[in-house]
Amino acid sequence: MPQLRWDIFCTVIDNFGDIGVTWRLARQLAAEHDAAVTLWVDDLASFARIAPALDVAQPDQPLGNIRVRYWGKPFTADFAVADVVIEAFACELPEAYQQVMAAREKKPVWLNLEYLSAEDWVAGCHRMASPHPRLPLSKYFFFPGFDENSGGLLCESGLLAARDAWQADRTALDAYWQARGVPPCPAGGMRISLFAYDTPAAAQWAATLAAGAQPVQLLVPQGRVLPDVLAGIGITQPAQPGDSFRHGALQVCVLPMTDQDGYDRLLWSCDLNIVRGEDSFVRAQWAGRPFIWHIYRQDEDAHLEKLDAFLQRYLEELPADTAAAIRDFHHGWNRDALAPDAWPRLLAALPAWQAHARAWPQALLAHGELATNLVQFAKKQLQ
(Lines give C-alpha, C1' and ligand atoms only; values in the text may rest on other atoms or scores of the structure.)
Protein backbone atom coordinates (compact mmCIF):
# COMPACT_ATOMS: atom_id res chain seq x y z
CA MET A 1 0.00 0.00 0.00
CA PRO A 2 1.38 3.48 -0.86
CA GLN A 3 2.15 5.99 1.85
CA LEU A 4 -1.03 7.06 3.59
CA ARG A 5 -1.86 10.72 4.19
CA TRP A 6 -3.33 11.50 7.61
CA ASP A 7 -5.05 14.71 8.73
CA ILE A 8 -5.47 15.15 12.49
CA PHE A 9 -7.72 17.95 13.76
CA CYS A 10 -7.28 19.23 17.31
CA THR A 11 -9.19 21.87 19.25
CA VAL A 12 -7.13 22.92 22.26
CA ILE A 13 -9.33 22.81 25.37
CA ASP A 14 -7.05 21.75 28.23
CA ASN A 15 -3.98 23.78 27.15
CA PHE A 16 -1.70 20.74 26.88
CA GLY A 17 -3.79 17.56 27.13
CA ASP A 18 -5.56 17.62 23.77
CA ILE A 19 -2.60 18.92 21.80
CA GLY A 20 -0.26 16.70 23.80
CA VAL A 21 -2.04 13.54 22.70
CA THR A 22 -2.44 14.57 19.06
CA TRP A 23 1.17 15.78 18.76
CA ARG A 24 2.48 12.48 20.14
CA LEU A 25 0.21 10.56 17.79
CA ALA A 26 1.31 12.60 14.77
CA ARG A 27 4.98 12.08 15.57
CA GLN A 28 4.55 8.35 16.08
CA LEU A 29 2.54 7.84 12.90
CA ALA A 30 5.24 9.59 10.87
CA ALA A 31 8.22 7.99 12.60
CA GLU A 32 7.00 4.41 12.91
CA HIS A 33 4.31 3.97 10.25
CA ASP A 34 5.63 6.00 7.29
CA ALA A 35 2.58 8.28 7.38
CA ALA A 36 2.42 11.75 5.82
CA VAL A 37 0.77 13.69 8.64
CA THR A 38 -0.80 17.13 8.78
CA LEU A 39 -1.80 18.34 12.24
CA TRP A 40 -4.51 21.02 12.22
CA VAL A 41 -4.52 23.08 15.45
CA ASP A 42 -6.68 26.02 16.52
CA ASP A 43 -4.30 27.34 19.22
CA LEU A 44 -0.65 27.56 18.18
CA ALA A 45 0.38 29.47 21.31
CA SER A 46 -0.55 26.60 23.64
CA PHE A 47 1.05 24.14 21.23
CA ALA A 48 4.32 26.09 21.32
CA ARG A 49 4.59 25.59 25.09
CA ILE A 50 5.33 21.90 24.50
CA ALA A 51 6.93 22.31 21.02
CA PRO A 52 9.27 25.32 21.35
CA ALA A 53 10.43 25.10 17.71
CA LEU A 54 6.92 26.04 16.52
CA ASP A 55 6.55 29.52 15.03
CA VAL A 56 3.17 30.79 16.24
CA ALA A 57 3.10 33.43 13.50
CA GLN A 58 3.17 30.85 10.71
CA PRO A 59 -0.21 29.26 9.84
CA ASP A 60 1.41 26.53 7.71
CA GLN A 61 4.83 25.13 8.57
CA PRO A 62 6.87 21.95 8.87
CA LEU A 63 7.71 20.82 12.39
CA GLY A 64 10.10 17.93 12.14
CA ASN A 65 8.47 15.55 9.70
CA ILE A 66 4.93 16.81 10.49
CA ARG A 67 3.07 19.55 8.66
CA VAL A 68 1.36 21.89 11.13
CA ARG A 69 -1.52 24.06 9.94
CA TYR A 70 -3.54 26.63 11.83
CA TRP A 71 -7.21 25.74 11.96
CA GLY A 72 -9.01 29.05 11.89
CA LYS A 73 -12.70 29.57 12.36
CA PRO A 74 -14.29 30.07 9.91
CA PHE A 75 -12.29 27.43 8.08
CA THR A 76 -11.05 29.02 4.86
CA ALA A 77 -7.81 27.15 4.11
CA ASP A 78 -7.04 25.45 0.83
CA PHE A 79 -6.58 21.74 1.37
CA ALA A 80 -6.66 18.26 -0.09
CA VAL A 81 -8.51 15.68 1.99
CA ALA A 82 -6.28 12.94 3.43
CA ASP A 83 -6.74 9.16 3.26
CA VAL A 84 -7.35 8.98 7.01
CA VAL A 85 -8.97 11.85 8.90
CA ILE A 86 -9.00 12.06 12.70
CA GLU A 87 -11.15 14.48 14.64
CA ALA A 88 -9.58 14.35 18.07
CA PHE A 89 -11.91 14.33 21.05
CA ALA A 90 -15.09 15.08 19.07
CA CYS A 91 -13.78 18.46 17.91
CA GLU A 92 -16.07 18.35 14.79
CA LEU A 93 -14.52 18.71 11.37
CA PRO A 94 -15.12 21.95 9.45
CA GLU A 95 -18.18 21.76 7.22
CA ALA A 96 -16.11 22.63 4.14
CA TYR A 97 -13.77 19.75 4.85
CA GLN A 98 -16.67 17.33 5.28
CA GLN A 99 -18.13 18.41 1.93
CA VAL A 100 -14.87 17.62 0.14
CA MET A 101 -14.67 14.27 1.91
CA ALA A 102 -18.16 13.42 0.71
CA ALA A 103 -17.34 14.39 -2.87
CA ARG A 104 -14.46 11.94 -3.15
CA GLU A 105 -15.21 8.75 -5.03
CA LYS A 106 -13.16 6.72 -2.54
CA LYS A 107 -14.12 8.05 0.85
CA PRO A 108 -11.42 8.61 3.48
CA VAL A 109 -11.45 6.73 6.76
CA TRP A 110 -12.99 9.13 9.28
CA LEU A 111 -12.12 8.47 12.91
CA ASN A 112 -13.29 10.18 16.07
CA LEU A 113 -10.42 9.60 18.50
CA GLU A 114 -12.21 9.77 21.82
CA TYR A 115 -11.09 10.65 25.32
CA LEU A 116 -9.45 7.94 27.38
CA SER A 117 -11.72 6.08 29.77
CA ALA A 118 -11.61 2.83 31.73
CA GLU A 119 -15.40 2.68 32.02
CA ASP A 120 -17.12 -0.56 31.00
CA TRP A 121 -19.34 1.06 28.36
CA VAL A 122 -16.30 1.81 26.16
CA ALA A 123 -16.20 -1.81 24.95
CA GLY A 124 -19.63 -1.44 23.33
CA CYS A 125 -18.73 1.78 21.48
CA HIS A 126 -15.15 1.18 20.36
CA ARG A 127 -14.86 0.97 16.53
CA MET A 128 -18.59 1.56 16.07
CA ALA A 129 -19.66 3.32 12.86
CA SER A 130 -21.89 6.40 12.86
CA PRO A 131 -23.50 7.42 9.52
CA HIS A 132 -23.51 11.12 8.73
CA PRO A 133 -27.08 12.56 8.92
CA ARG A 134 -26.77 14.34 5.53
CA LEU A 135 -23.65 13.26 3.65
CA PRO A 136 -22.57 9.86 2.27
CA LEU A 137 -20.00 9.42 5.03
CA SER A 138 -19.53 7.38 8.18
CA LYS A 139 -17.13 7.95 11.02
CA TYR A 140 -15.81 5.39 13.46
CA PHE A 141 -15.41 5.94 17.18
CA PHE A 142 -11.99 4.86 18.40
CA PHE A 143 -11.42 4.73 22.15
CA PRO A 144 -8.04 4.59 23.86
CA GLY A 145 -8.16 2.24 26.83
CA PHE A 146 -6.70 -0.36 29.07
CA ASP A 147 -7.77 -3.75 27.70
CA GLU A 148 -8.41 -5.76 24.54
CA ASN A 149 -11.81 -4.09 24.07
CA SER A 150 -10.23 -0.69 23.41
CA GLY A 151 -7.57 0.88 21.21
CA GLY A 152 -4.80 0.84 23.81
CA LEU A 153 -2.50 3.72 24.76
CA LEU A 154 0.14 5.63 22.82
CA CYS A 155 3.57 4.11 23.43
CA GLU A 156 6.48 4.69 21.06
CA SER A 157 8.71 1.80 20.07
CA GLY A 158 11.68 1.62 22.41
CA LEU A 159 10.16 3.94 25.03
CA LEU A 160 10.41 1.54 27.95
CA ALA A 161 13.96 0.54 27.06
CA ALA A 162 14.95 4.22 26.94
CA ARG A 163 13.29 4.73 30.34
CA ASP A 164 15.18 1.81 31.86
CA ALA A 165 18.52 3.04 30.53
CA TRP A 166 17.83 6.54 31.87
CA GLN A 167 16.85 5.36 35.33
CA ALA A 168 19.92 3.11 35.56
CA ASP A 169 22.39 5.91 34.67
CA ARG A 170 23.18 7.66 37.94
CA THR A 171 25.67 10.01 36.29
CA ALA A 172 23.09 11.17 33.74
CA LEU A 173 20.49 11.66 36.46
CA ASP A 174 22.85 13.78 38.56
CA ALA A 175 23.70 15.90 35.51
CA TYR A 176 20.01 16.26 34.70
CA TRP A 177 19.17 17.74 38.09
CA GLN A 178 22.27 19.93 38.14
CA ALA A 179 21.36 21.41 34.75
CA ARG A 180 17.97 22.43 36.17
CA GLY A 181 19.43 24.01 39.28
CA VAL A 182 18.01 21.33 41.57
CA PRO A 183 20.44 20.49 44.39
CA PRO A 184 21.19 16.92 45.47
CA CYS A 185 18.33 15.27 47.33
CA PRO A 186 19.12 14.80 51.05
CA ALA A 187 19.64 11.25 52.28
CA GLY A 188 16.27 9.55 52.75
CA GLY A 189 14.50 12.29 50.82
CA MET A 190 12.02 12.14 47.94
CA ARG A 191 11.71 13.94 44.65
CA ILE A 192 8.12 14.56 43.53
CA SER A 193 6.92 16.22 40.33
CA LEU A 194 3.66 18.15 40.44
CA PHE A 195 1.81 19.09 37.24
CA ALA A 196 -1.81 19.64 38.25
CA TYR A 197 -4.79 21.92 38.05
CA ASP A 198 -5.31 24.53 40.76
CA THR A 199 -6.68 23.01 43.97
CA PRO A 200 -6.74 23.89 47.68
CA ALA A 201 -5.47 20.36 48.30
CA ALA A 202 -2.06 21.43 46.95
CA ALA A 203 -1.70 24.13 49.61
CA GLN A 204 -2.80 21.71 52.32
CA TRP A 205 -0.36 19.06 51.11
CA ALA A 206 2.56 21.50 50.85
CA ALA A 207 2.02 22.49 54.48
CA THR A 208 1.97 18.81 55.47
CA LEU A 209 5.22 18.12 53.60
CA ALA A 210 6.92 21.13 55.20
CA ALA A 211 5.93 19.96 58.68
CA GLY A 212 7.04 16.37 58.08
CA ALA A 213 10.24 14.60 59.05
CA GLN A 214 11.20 13.40 55.56
CA PRO A 215 12.96 15.85 53.21
CA VAL A 216 10.99 16.40 50.00
CA GLN A 217 11.95 18.22 46.83
CA LEU A 218 8.79 19.25 44.99
CA LEU A 219 9.39 20.01 41.30
CA VAL A 220 6.64 22.28 39.96
CA PRO A 221 6.49 23.65 36.40
CA GLN A 222 5.23 27.23 36.27
CA GLY A 223 1.47 26.93 35.91
CA ARG A 224 -1.92 26.80 37.56
CA VAL A 225 -1.07 24.85 40.71
CA LEU A 226 2.10 26.73 41.65
CA PRO A 227 0.37 29.60 43.54
CA ASP A 228 -1.53 27.04 45.65
CA VAL A 229 1.69 25.21 46.56
CA LEU A 230 3.45 28.41 47.55
CA ALA A 231 0.45 29.64 49.53
CA GLY A 232 0.67 26.45 51.59
CA ILE A 233 4.10 27.50 52.85
CA GLY A 234 3.22 31.17 53.27
CA ILE A 235 4.67 32.56 50.05
CA THR A 236 2.57 34.98 48.03
CA GLN A 237 5.19 36.50 45.74
CA PRO A 238 5.16 35.59 42.03
CA ALA A 239 7.57 32.82 41.15
CA GLN A 240 9.64 32.25 38.04
CA PRO A 241 11.43 29.19 36.63
CA GLY A 242 14.67 28.73 38.50
CA ASP A 243 13.27 29.98 41.82
CA SER A 244 13.58 27.77 44.87
CA PHE A 245 11.74 28.06 48.21
CA ARG A 246 12.54 26.10 51.34
CA HIS A 247 10.20 25.74 54.29
CA GLY A 248 10.78 23.08 56.93
CA ALA A 249 11.34 19.71 55.27
CA LEU A 250 10.03 20.93 51.92
CA GLN A 251 11.95 22.54 49.08
CA VAL A 252 9.87 23.79 46.13
CA CYS A 253 11.80 24.12 42.87
CA VAL A 254 10.08 25.98 40.03
CA LEU A 255 10.82 24.46 36.62
CA PRO A 256 10.21 25.89 33.15
CA MET A 257 7.75 24.20 30.83
CA THR A 258 9.48 21.61 28.70
CA ASP A 259 8.89 19.68 25.51
CA GLN A 260 7.36 16.22 25.62
CA ASP A 261 10.65 14.32 25.67
CA GLY A 262 11.86 16.50 28.52
CA TYR A 263 8.67 15.86 30.48
CA ASP A 264 9.14 12.12 30.08
CA ARG A 265 12.60 12.42 31.60
CA LEU A 266 11.19 14.40 34.53
CA LEU A 267 8.64 11.65 35.22
CA TRP A 268 11.32 8.97 34.93
CA SER A 269 13.55 10.84 37.39
CA CYS A 270 11.11 11.31 40.28
CA ASP A 271 9.97 8.98 43.05
CA LEU A 272 6.32 10.07 42.74
CA ASN A 273 4.49 12.06 40.07
CA ILE A 274 1.25 14.01 40.33
CA VAL A 275 -0.13 14.52 36.85
CA ARG A 276 -3.18 16.04 35.22
CA GLY A 277 -5.46 15.54 32.23
CA GLU A 278 -4.86 12.71 29.76
CA ASP A 279 -1.45 13.02 28.12
CA SER A 280 0.64 13.34 31.29
CA PHE A 281 -1.55 10.67 32.92
CA VAL A 282 -0.53 8.14 30.26
CA ARG A 283 3.13 9.16 30.38
CA ALA A 284 3.18 8.71 34.15
CA GLN A 285 2.11 5.11 33.66
CA TRP A 286 4.94 4.43 31.21
CA ALA A 287 7.37 5.97 33.73
CA GLY A 288 6.91 2.94 35.96
CA ARG A 289 6.69 5.10 39.08
CA PRO A 290 3.85 5.71 41.55
CA PHE A 291 1.57 8.56 40.46
CA ILE A 292 -1.56 10.48 41.41
CA TRP A 293 -4.00 11.52 38.67
CA HIS A 294 -5.66 14.94 38.84
CA ILE A 295 -8.44 14.29 36.36
CA TYR A 296 -10.01 17.07 34.29
CA ARG A 297 -13.08 18.39 36.11
CA GLN A 298 -16.51 17.84 34.59
CA ASP A 299 -20.00 18.98 35.50
CA GLU A 300 -21.93 17.00 38.12
CA ASP A 301 -18.69 15.23 39.16
CA ALA A 302 -18.79 12.98 36.10
CA HIS A 303 -14.98 12.92 36.17
CA LEU A 304 -15.01 11.10 39.51
CA GLU A 305 -16.78 8.14 37.89
CA LYS A 306 -14.00 7.98 35.30
CA LEU A 307 -11.40 8.21 38.06
CA ASP A 308 -12.97 5.33 39.99
CA ALA A 309 -13.24 3.20 36.85
CA PHE A 310 -9.50 3.56 36.33
CA LEU A 311 -8.62 3.00 39.97
CA GLN A 312 -10.68 -0.17 40.05
CA ARG A 313 -8.48 -1.59 37.28
CA TYR A 314 -5.20 -0.12 38.47
CA LEU A 315 -5.51 -1.20 42.11
CA GLU A 316 -7.04 -4.62 41.55
CA GLU A 317 -3.86 -6.63 42.24
CA LEU A 318 -2.64 -4.60 45.21
CA PRO A 319 -3.11 -5.46 48.92
CA ALA A 320 -6.29 -3.96 50.34
CA ASP A 321 -4.56 -1.46 52.65
CA THR A 322 -2.22 -0.26 49.88
CA ALA A 323 -5.10 0.10 47.43
CA ALA A 324 -7.20 1.99 49.99
CA ALA A 325 -4.39 4.48 50.72
CA ILE A 326 -3.88 5.21 47.01
CA ARG A 327 -7.61 5.47 46.32
CA ASP A 328 -8.24 7.76 49.30
CA PHE A 329 -5.44 10.14 48.33
CA HIS A 330 -6.80 10.31 44.77
CA HIS A 331 -10.29 11.06 46.06
CA GLY A 332 -9.06 13.74 48.45
CA TRP A 333 -6.93 15.45 45.84
CA ASN A 334 -9.71 15.45 43.25
CA ARG A 335 -12.25 16.70 45.82
CA ASP A 336 -9.92 19.54 46.90
CA ALA A 337 -9.37 18.37 50.49
CA LEU A 338 -7.01 15.69 51.85
CA ALA A 339 -7.73 13.74 55.05
CA PRO A 340 -5.18 14.43 57.84
CA ASP A 341 -3.72 10.92 57.50
CA ALA A 342 -3.77 10.80 53.67
CA TRP A 343 -0.07 11.51 53.17
CA PRO A 344 1.31 9.21 55.93
CA ARG A 345 -0.84 6.35 54.60
CA LEU A 346 0.39 6.98 51.07
CA LEU A 347 4.00 6.88 52.22
CA ALA A 348 3.39 3.55 53.94
CA ALA A 349 1.94 2.19 50.68
CA LEU A 350 4.98 3.14 48.58
CA PRO A 351 7.00 -0.12 48.72
CA ALA A 352 4.18 -2.30 47.36
CA TRP A 353 3.08 0.48 45.01
CA GLN A 354 6.55 0.85 43.47
CA ALA A 355 6.65 -2.81 42.44
CA HIS A 356 3.14 -2.57 41.00
CA ALA A 357 3.93 0.61 39.07
CA ARG A 358 6.95 -1.10 37.54
CA ALA A 359 4.95 -4.09 36.29
CA TRP A 360 1.88 -2.14 35.12
CA PRO A 361 3.21 -0.94 31.71
CA GLN A 362 3.87 -4.46 30.46
CA ALA A 363 0.34 -5.48 31.40
CA LEU A 364 -1.03 -2.58 29.35
CA LEU A 365 1.06 -3.44 26.29
CA ALA A 366 -0.23 -7.00 26.20
CA HIS A 367 -3.14 -5.66 24.12
CA GLY A 368 -1.09 -3.57 21.69
CA GLU A 369 -0.71 0.20 21.56
CA LEU A 370 -2.86 2.98 20.13
CA ALA A 371 -0.97 4.19 17.05
CA THR A 372 -0.44 0.68 15.70
CA ASN A 373 -4.06 -0.25 16.37
CA LEU A 374 -5.24 2.88 14.56
CA VAL A 375 -3.07 2.12 11.53
CA GLN A 376 -4.25 -1.48 11.34
CA PHE A 377 -7.89 -0.42 11.59
CA ALA A 378 -7.52 2.32 8.96
CA LYS A 379 -5.77 0.03 6.48
CA LYS A 380 -8.48 -2.58 6.89
CA GLN A 381 -11.18 0.00 6.10
CA LEU A 382 -9.27 1.18 3.02
CA GLN A 383 -8.97 -2.29 1.48
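Me: Let me start from the cut-off: a residue is buried under 20% relative accessible area, exposed over 50%, and partly exposed in between. Is Asp-83 buried or exposed by that rule?

Reply: This is a predicted model, so what follows describes a prediction. Asp-83 has a relative accessibility of 16%, which is under 20%, and therefore Asp-83 counts as buried.

Me: And which side chain does Asp-83 meet in a salt bridge?

Reply: The partner is Arg-5, and the computed distance from N to O is 3.9 Å. The two residues belong to distant parts of the chain, with Asp-83 in the loop between strand S4 (66-70) and strand S5 (84-88) and Arg-5 in strand S1 (residues 5-10), which puts them 78 residues apart. Arg-5 has a relative accessible area of 34%, so Arg-5 is partly exposed, whereas Asp-83 is buried.

Me: Why would those two side chains pair up at all?

Reply: As a general point, side chains that carry opposite charge can pair when their charged atoms come close.

Me: How many salt bridges turn up in the whole structure?

Reply: Searching the whole structure gives 18 salt bridges. One of them is between Glu-95 and Arg-134, at 3.2 Å from N to O. That pair also links distant parts of the chain, since Glu-95 sits in helix H3 (residues 95-103) and Arg-134 in the loop between strand S7 (129-131) and strand S8 (138-142), 39 residues apart.

Me: How accessible are Glu-95 and Arg-134?

Reply: Glu-95 has a relative accessible area of 37% and is therefore partly exposed, while Arg-134 reaches 54% and so counts as exposed.

Me: Which residue does Arg-163 pair with?

Reply: Arg-163 forms a salt bridge with Asp-164, with N and O 2.8 Å apart. Arg-163 has a relative accessible area of 4%, so Arg-163 is buried, whereas Asp-164, at 33%, is partly exposed.

Me: New topic, helices. How do H1 and H14 cross?

Reply: Helix H1 (residues 17-33) and helix H14 (residues 370-382) have axes that come within 10 Å and cross at roughly 70°. An angle of 65 to 115 degrees counts as roughly perpendicular, so H1 is described as roughly perpendicular to H14. The crossing of H1 past H14 is right-handed.

Me: What about H11 and helix H12, at what angle do they pack?

Reply: H11 packs against helix H12 (residues 320-334) at an angle of about 165°, and their axes are 11 Å apart. The cut-off for roughly antiparallel is over 145 degrees, and H11 and H12 are therefore roughly antiparallel to each other. Their crossing is right-handed too, as it is for H1 and H14.

Me: Now the backbone. What is the phi of Asp-34, and where does Asp-34 lie?

Reply: Asp-34 has a positive phi of about 50°, although Asp-34 is not a glycine, and its place is the loop between H1 and strand S2 (36-41). In general, most residues other than glycine have a negative phi.

Me: And which value does phi take in Glu-92?

Reply: Phi of Glu-92 is near 70°, which is again positive in a residue other than glycine. Glu-92 is found in the loop between S5 and H3, and with a relative accessible area of 56% Glu-92 is therefore exposed.

Me: Last one, how far apart are Pro-186 and Gln-217?

Reply: Their C-alpha atoms are 9.0 Å apart in space, and the residues are 31 apart in sequence. Pro-186 lies in the loop between helix H6 (170-179) and strand S9 (190-194), and Pro-186 is partly exposed, with a relative accessible area of 38%.

Terms used:
Residues numbered from 1 in each chain as written. Predicted model: local features only at pLDDT ≥ 70, side-chain atom pairs only at ≥ 80, totals over all residues. Heavy atoms only, no water. Axes fitted to C-alpha atoms, helices over the stretch in contact; angles between N-to-C directions. Helix = DSSP H or I, 4+ residues; strand = E, 2+ residues; numbered from the N terminus. Parallel < 35°, antiparallel > 145°, perpendicular 65-115°, else oblique. Left-handed = near helix turned anticlockwise from the far one by under 90°. Salt bridge = Lys/Arg side-chain N within 4 Å of Asp/Glu carboxyl O. Buried < 20%, exposed > 50% of the residue type's maximum accessible area, 1.4 Å probe, protein only.
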